[in-house]
Structure formats: C-alpha cells, structure tokens
Amino acid sequence: MPDITAVKAALAAQRIETPSWGYGNSGTRFKVFAQPGVPRDPYEKLDDAAEVHAYTGIAPRVALHIPWDRVDDYAALSSYARERGLELGAINSNTFQDDAYRLGSVCHPDPAVRRRAVDHLLDCVDIMDATGSADLKLWFADGTNYPGQDDVVARQERLAESLAEVYGRLGRGQRMLLEYKLFEPSFYTTDVPDWGTAYAHCLRLGPRAGVVVDTGHHAPGTNIEFIVALLLRERRLGGFDFNSRFYADDDLMAGAADPFQLFRIMYEVVRGGGLADSAAIAFMLDQCHNIEAKVPAVIRSVLNVQEATAKALLVDRGALAAAQRDGDVLAANAVLMDAFHTDVRPLLRELREEQGLDPDPVAAYLRSGRQERIAAERAGGAQAGWGA
C-alpha cells in the first residue's frame, strides 16, 4: 500500500499554474459575458491569482498571454508578482487575432506575414527575459478550410523554419512548448493537429522543445493517457493545459466532464515520474469561466486536479504490477478502480490543516467577502477579456 506520508509530501510539493486569461471575461463565439469584479489589468489578475494560491497552497505561478497582458514594464510586473507570493510562468503567444493572419501566421504563404508572426514570437522571448519566465508556449490557429487552398507540405516547411528561428533565440534555461489542436478555427487541415506533428517538430528543434497536451484538443475517444505515457517515456512532455470538455475544445473546468479521465492521466504522470522537479512538466489550467465566478471556479479547478493526483498516488502499484504479471485482468482493473473510488477529500482536508490552510478553500474564499469587495472596488474602467 502507498505510504500516506509520501503521498502527502508529493501533494504538498505539487504546483499548478493558473492562466491570467482565466480571470477575465470570456464567453461563446456569440457573446462575451461580463461579470462584476473582473480584473481591468494584469496587476489585478495577479491579485486574483494570489487569492487562489493563498487558499490552495499549490498555485504560485501565473501564465501570461501576449498581447492581452502587455505592460510597459515587465520587470515591475514580475516584482509585483513576487510581492503577492507569485511568480510569472509561461509566456503564451497570440498569432490568431490579427487581420493579417486570415490565412495563417507562421505558415502563411506570404513571407511578410510570416515575418510579422515570428517577430511577435521573438518579442515574447524578450518578455521572458524580462520576467524570468522559463517557457514560451505556442499554439497556432494556422490551417486551411478547403482542399487545394494551400500546399500542405510547404506549410510544414514554413512552420519548421519559423520555429527554428525562435528556438535559436531562446536563452539559457528557457524552453519552447508546442501545443496541438485537432481542428478549429480551420476546418480542412490544421497545421499542428496532433501530438505526432508537434513531437516531430520538437525532435527536429532540439532537447529544449516539448509537447503541450491540452486535454480538450482531441477527437472523441482518443486515449489521452496513452499520449501522456508515450511522451513521458520519450522525455518530450513539456506541459499540460488542463480543462474539460463534452464535445470539442469546450474549456470547461478541469475534471468537470470526465473525472475518471483526469485520474487516468494523472496516474500515467505519477507512474512516469512526471511529478518530480527533474521532469520539468508545466501543469497549467487553460479554461474559460463564462457563467461562473472566476476566482472560486479557478480554486475549484485546482482542487479537482489535486484530487485526481491524490487518487493516482494512492494506486497500489505493487498489487497492480503483480496482477499484470499474472495476467489477471479483473484484479489489475480493480486496483485502479479502488484508488479512483477512494474519497480523498478527508486526506486533503487534513493536509491543508497541517499547512495552516482552510480545509475547504472554496467555502473559505466565499466567506471572506472578497468577491463582493472587488465587485464594488473594480467599478469603472475596461474589464479584461478576450482581446484585452
């Protein structure tokens, strides 16, 4: 049986990065829904992220999105984060909200547009230098809508050339994390549609390029935990974008649609040594809280990942290995199911109390009255959201 002391130590050391954009207004393709108390600038986003970390104890890093989080002084922003008990995490680029990118960005047939996109990515590396961020995270909306629209192989060559230039600009201790997505917004081809394409480009680039697995970016029925296990084995799993989905890239709260899938993924992470600092895997949320209050929703999402991790750590790996050696299918499955069905909430409440935290972070935040205070204090100004 797993050592509970070791399980608690692993959970206490866990770190989950929250996204700055998760604290802003978001919505569907038809409407962005505004909420009272939403941050108006990156500094107020950090204030909200600090609350999440204060109540959970495991969310000290905040990812930025450029240009949504553009400021005049990134060193000052990084200093402000440290004052709030935070650090700035991955720098996420944006090559999908400019009219010039109608036919793509780094894969665009026009070299002038590609130059514009690459220059933006290089600017993001400059921001990494200023903030001390280690990871440049790339997702491209590039693709085509119609057969014959562009040369598929030529687009891959343009992508490789662009990535190589940016990779060459990375400084000491910096990485490039390449995300993939099955479809959307392009509907015929997507230039980085799957883990294999991302992996192939990372192999060509070098050891400081890793694949990002967004749990919402797969076809129905895809065995995401297999992808995770393989990339861990190859030491090319750079990070996660945790969210949940029912149909496509719904960006719902992590674990909302299929907590069993999240458990299976985290078991492969545990089994493959992915929680160790040496694995250097960035565990990040990537969610849009359209109808629920932002801060408590992010807290709940962090707790969902934490609960899945706790269950994964409770798998009796000795018993599982024995059943697998014996070819005992039912016994092996039962070991996993026993861990999944374990109610880990008492364990996590105990851990939080030992850390001086409230055992129920969501309830504690709601009792604090902060949600009502920021609704009053943040009146006026332009709220942050998609595009800002």
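**Group meeting: fold and backbone of a predicted model**

Good morning. The protein chain contains 14 helices and twelve strands; helices (H or I, at least four residues) and strands (E, at least two) are DSSP runs, numbered from the N terminus. Its radius of gyration is 21 Å, close to the 21 Å that the globule rule gives for 388 residues, so the chain is as compact as a globular protein of that length. That radius is taken over C-alpha atoms, and the rule is 2.2 Å times the number of residues to the power 0.38.

Two remarks on the source. This is a predicted model, in which local features need pLDDT of at least 70 and side-chain atom pairs count only at pLDDT 80 or more, while totals for chains, interfaces and linings use all residues. Residues are numbered from 1 along each chain as its sequence is written, and side-chain values use heavy atoms, with hydrogens and water left out.

Let me continue with the chain as a whole. Along the principal axes, the C-alpha atoms fill a box of roughly 60 × 60 × 40 Å. Of the 388 residues, 55% are buried, where buried means under 20% relative accessible area, exposed over 50%, and partly exposed in between (1.4 Å probe, protein chains only).

Eight strands form an open sheet in the order 1-4-5-6-8-10-11-12, with parallel pairing; two strands pair if DSSP finds at least two bridges between them. Strand 1 (18-19) and strand 12 (282-285) stand at the edges with a single partner strand each, so one side of each is left without a neighbour in the sheet. Within the sheet, strand 6 (residues 135-138) pairs with strand 8 (residues 175-179) in the parallel sense over four bridges. Leu136 stands opposite Met176 in strand 8.

Finally, the backbone. Most residues other than glycine have a negative phi, and most peptide bonds are trans. Which residues does a cis peptide bond with omega of about 10 degrees join? The bond joins Glu184 and Pro185, and Pro185 lies in the loop between strand 8 and strand 9 (189-190). Glu184 also has a positive phi, near 80 degrees, and is buried, with a relative accessible area of 15%.

The peptide bond from Ile66 to Pro67 is cis as well, with omega near 20 degrees. Pro67 is placed in the loop between strand 4 (61-65) and helix 3 (74-83).

Asp251 has a positive phi, near 55 degrees. This residue sits in the loop between strand 11 (237-242) and helix 8 (259-271), and it is buried, with a relative accessible area of 10%.
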